[in-house]
Amino acid sequence: MFTVFNNLIHTTVFQTVISGVFVFIGSQIFQDYFLKPRQKYREVIARIDNQLKFHSPKIVNNLNLPKNVQMECNEIIRLLSCELEATYKQLCFRSKNRDKKIGKAASLLIGLSNSIWFSSDKESEYSTIQEIRELLNIKELI
């Protein structure tokens, strides 16, 4: 019995199958812990870019909006702030400098969502949007 098992271990087919299993397991670990969180994080940044562009007229000119539009815009921006922090925390490799930038961007998004109800300073809100874009390294397409 032991010799049969010993012979099986030394066959090329068995070694190839075991190597394939280890490569598959390693690739799944790499994908689940490194690639997927990074992809989700990039998707959230893309959504932030999209929603800031889409809602910027509403954010800057908020006084003339109906309450339901203000509420919808407020909820979307607040949700994006929460998603930004949640997906960033899932990344394996982070730096203190990047932590500060993400934290500040998330805070600015919350402030922007609050400003929909209260603020009427167009220049301040526009500069906040630009600062968020800079902190998240969102480049404008020309």
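This is a short walk through one predicted chain, from its overall form down to a few side chains.

Hello everyone, and thanks for coming. Some housekeeping before we start. Residues are numbered from 1 along each chain as its sequence is written. Because this is a predicted model, local features need pLDDT of at least 70 and side-chain atom pairs count only at pLDDT 80 or more, while totals for chains, interfaces and linings use all residues; side-chain values use heavy atoms, with hydrogens and water left out.

Let's begin with the whole chain. It has five helices and zero strands, where helices (H or I, at least four residues) and strands (E, at least two) are DSSP runs numbered from the N terminus. How spread out is the chain? Its radius of gyration is 24 Å, well over the 14 Å that the globule rule gives for 142 residues, so the chain is more spread out than a compact globule. That radius is taken over C-alpha atoms, and the rule is 2.2 Å times the number of residues to the power 0.38. Along its principal axes, the C-alpha trace spans about 85 × 30 × 30 Å.

Now, what is covered up? Buried residues make up 27% of the 142 residues. Buried means under 20% relative accessible area, exposed means over 50%, and partly exposed is in between, with a 1.4 Å probe and protein chains only.

Some of those buried residues bring us to the core. A nonpolar core is a set of buried Ala, Val, Leu, Ile, Met, Phe, Trp, Tyr and Cys residues joined through side-chain atoms within 4.5 Å. The largest one here has 24 residues, and Ile 48, Leu 84, Ile 132 and Leu 136 touch the most other members. H2, H3, H4 and helix H5 (122–135) each supply at least two residues of this core, and the largest share, seven residues, comes from H4. As general background, nonpolar side chains tend to be buried together in soluble globular proteins. Take a look at Leu 136: not counting residues up to four places away in sequence, it touches Ile 45, Ile 48, Leu 84, Arg 98, Ile 102 and Ala 105. Contact here means heavy atoms within 4.5 Å.

On to the aromatic rings. Rings of Phe, Tyr and Trp (its six-membered ring) pair if their centres lie within 6.5 Å; planes under 30 degrees apart count as stacked, over 60 as edge-to-face and the rest as tilted. By this rule the count comes to three aromatic pairs. Why is the pair of Phe 34 and Phe 93 called stacked? Their ring centres are 5.6 Å apart and their planes sit at 20°, so the pair is stacked. Phe 34 is in helix H2 (residues 12–60) and Phe 93 is in the loop between helix H3 (67–89) and helix H4 (96–118), 59 residues apart. Phe 34 is partly exposed, at 31% relative accessible area, and Phe 93 is exposed, at 69%.

Next come Tyr 41 and Tyr 88, with ring centres 5.8 Å apart and planes at 50°, so that pair is tilted. Tyr 41 belongs to helix H2 and Tyr 88 to helix H3, 47 residues apart. Both tyrosines are buried. Ring pairs also link Phe 30, Phe 34 and Phe 93 into a cluster.

Ser 115 is buried, with a relative accessible area of 11%, whereas Ser 107 is partly exposed, at 49%. A polar atom of the Ser 115 side chain lies 2.7 Å from the backbone oxygen of Leu 112.

That's my tour, thank you!

Note on methods. Polar contact = N/O pair within 3.5 Å; in protein donor to acceptor, adjacent residues only side chain to side chain.
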